[in-house]
Each structure stands twice: as C-alpha cells, then as structure tokens.
Amino acid sequence: AYLERLERIAPVAAIRAAGFTVIADPLYGATAGLLPQLLNGDLTKCVEVNAAHNPLFPGISGPEPVEQNLGKLQRAVVDGQATLGLAFDGDGDRLGVVDERGVYVSAQHVFALLAYYLLELRGLRGPMVRSVNGSAMLDRLAQHYGVTVIETPNGFPYLARAMQEHRAIIAGEESGGIAVALHLPERDGLLCGLLLLDLLRQRRNPLSQVLDELRGIVGDWTYRRLDLPLPPARRDVVRSRLQGVAGPARLANLAVVDESRLDGLKLYLENGAWVLIRPSGTEPLLRVHVEAPEPELVDRLLAEARQWLGL
C-alpha cells in the first residue's frame, strides 16, 4: 500500500522510462529492496549496496545518510556511471544524495533542490518551513517565488505542526529529513528521492548542472557544523549564557544585523550568512552551525564563534 501511494504522488512510470541508473544505499535498514521494486521494469535500472537487513550496521558508525558513511555508495556511482546515488537512514525518513560524479550533496542543498522542484516544476505556492539550523537558500527561493519562510526550533514535531498550521508546501531539517505537502506532514526519504529523480527527468540534465541552476537563483552557499563536548555540569551555564548575554556585534568583520533566541542563539549577518549556537537536545554537545557564501568565511565564523564562547 505504501509503494502504491508513492506511485500516485510521484510520476514513477515516467522515471522508470527515463533510462536512469540509480544506486540505492539503505544502510542495512528498512528501505532495503523498496526502490528497486519501484524503479525496475523499464529502461531505468536500480541496484543496491548494503541491502541486507542488519541491525549491527557493519562498517558504518550508524545508519545515517551522511558523507562519512557513504564511501561505498560514492564508489558504486562512479564505477557504475550512475545517474544518482540515494541513501536512506535506518527507518527511511532521511535522505542522503551523491551526484553523478560521486560527490556528496549536502542535506541543505537537497532541501533547497526539492523546494525548487515543488515551486518551479510542480507549480506549488505556499509557505516553506525550516528549522532554525536550516539553509538561507530557502529564504532566497522564497524571495524569488514570492512566498514566505517560517522558522521553527530544531526538531521535526515543531516542523510538522507549523507545516499543518500554515499549509506549507515543504518542511525540512538540517539532518536530511524533509516532508512535502503532496504526502504526509512527516519525513519520507523514498518519496524525496523519487521527486529528486523527477527533477532530473524534467530538466534533462545531471544533478551537478541542476545544482548550477539552483545557484543561479540562490547564490553559492557553504554550510558546516562543529560539535563541541559539553559536559552536563556546564550545560546550564552555557544555556544561560546563550539566553542572557548579548551576542557579538560583529563576526569576521561583518555586522550582526539581527539575532534570535528561538533555539539557542542565532546571529544573522549583513551578507546573509548566519551562525547558530545551541546545545544538543540528545547528546552532551554544543553545536555551532554556520552558513555563508564562501568556505573561507565559514571557517572564520566558526573560529570566531568558538573564541566568543571561550571554547
């Protein structure tokens, strides 16, 4: 029933006929076998790596579709001259992507690509929802298409609630969990992978070139996250500092034009870059998130944010 539902939402028959070669990596998890069932049977071919159900997740640090876990997928894409590599986390709600060159595509860019697909090719209009650590690319897309962006605290329950309240067309988080209005207000990695394939089918270009299209609208953006140890004994002190102390007026010679305490401390800089400092809700870590137009600026902002924190 689930696969039949996906076929009603995404043009699976057209994707099957597109002649793609897709490498899927379920990371030993729940999606194993599903994408080949959907895509094989016409000109498109889908093959899997790490396809056995295995709760030990051998050879990976955990079933997360993040770059350090996708080396086998990257090699398989290059060796198989594939159109795309798609990876899914253990329960299938998060998506990781490797382009036709074997290059990992950040979750922030995947989120922006799917928003671009819904706005440009599906013609949807409505608010878009992102967590506080989500990409500024969504804001640039919103300006281009005349829609709004709603920012929530980190955690998908906040995103799902906002998605329903505001009738949003898409909601996403930094870790690769994305929901679209065509389906449920919940993350679905398989559906997002199908929509990404439909974007390539309609654009008739490889993913690297479609990313260039996206950059033509939103500009160049680089995102990094730094995880710093935060012992429980220091957690309350750091949290009170983030809530009660004024943030810096400048970082990396850029003026801080606004700040938010929605979830940690988020600093918005004059060129559209941003810095977010927040304690993890699940681990003894302090996370520093940065997005900026140049990789060198990201490094400077991370270093200066850490210096401001005294860590």
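## Ground rules

Contact here means heavy atoms within 4.5 Å. This is a predicted model, where local features need pLDDT of at least 70, side-chain atom pairs count only at pLDDT 80 or more, and totals for chains, interfaces and linings use all residues. Residues are numbered from 1 along each chain as its sequence is written, and side-chain values use heavy atoms, leaving out hydrogens and water.

## Ile-170 and the cores

Let's start with Ile-170. Setting aside neighbours within four places in sequence, Ile-170 is in contact with residues including Phe-111, Leu-114, Met-128, Met-163 and Val-180.

Ile-170 also belongs to the largest nonpolar core, which has 61 residues. A nonpolar core is a set of buried Ala, Val, Leu, Ile, Met, Phe, Trp, Tyr and Cys residues joined through side-chain atoms within 4.5 Å; buried means under 20% relative accessible area, with a 1.4 Å probe and protein chains only. Helix 5 gives this core its largest share, ten residues. Another core, of 26 residues, lies apart from it and includes Val-256 and Trp-308.

## His-109

His-109 counts as buried because its relative accessibility is 12%. Beyond four places in sequence, His-109 is in contact with Met-137, Leu-211, Leu-214 and Trp-221.

Five strands make an open sheet in the order 2-1-3-4-5, with mixed pairing; two strands pair if DSSP finds at least two bridges between them. Strand 2 (45-48) and strand 5 (104-105) stand at the edges with a single partner strand each, so one side of each has no neighbour in the sheet.

Methods:
Buried means under 20% relative accessible area, exposed over 50%, partly exposed in between (1.4 Å probe, protein chains only). Helices (H or I, at least four residues) and strands (E, at least two) are DSSP runs, numbered from the N terminus.
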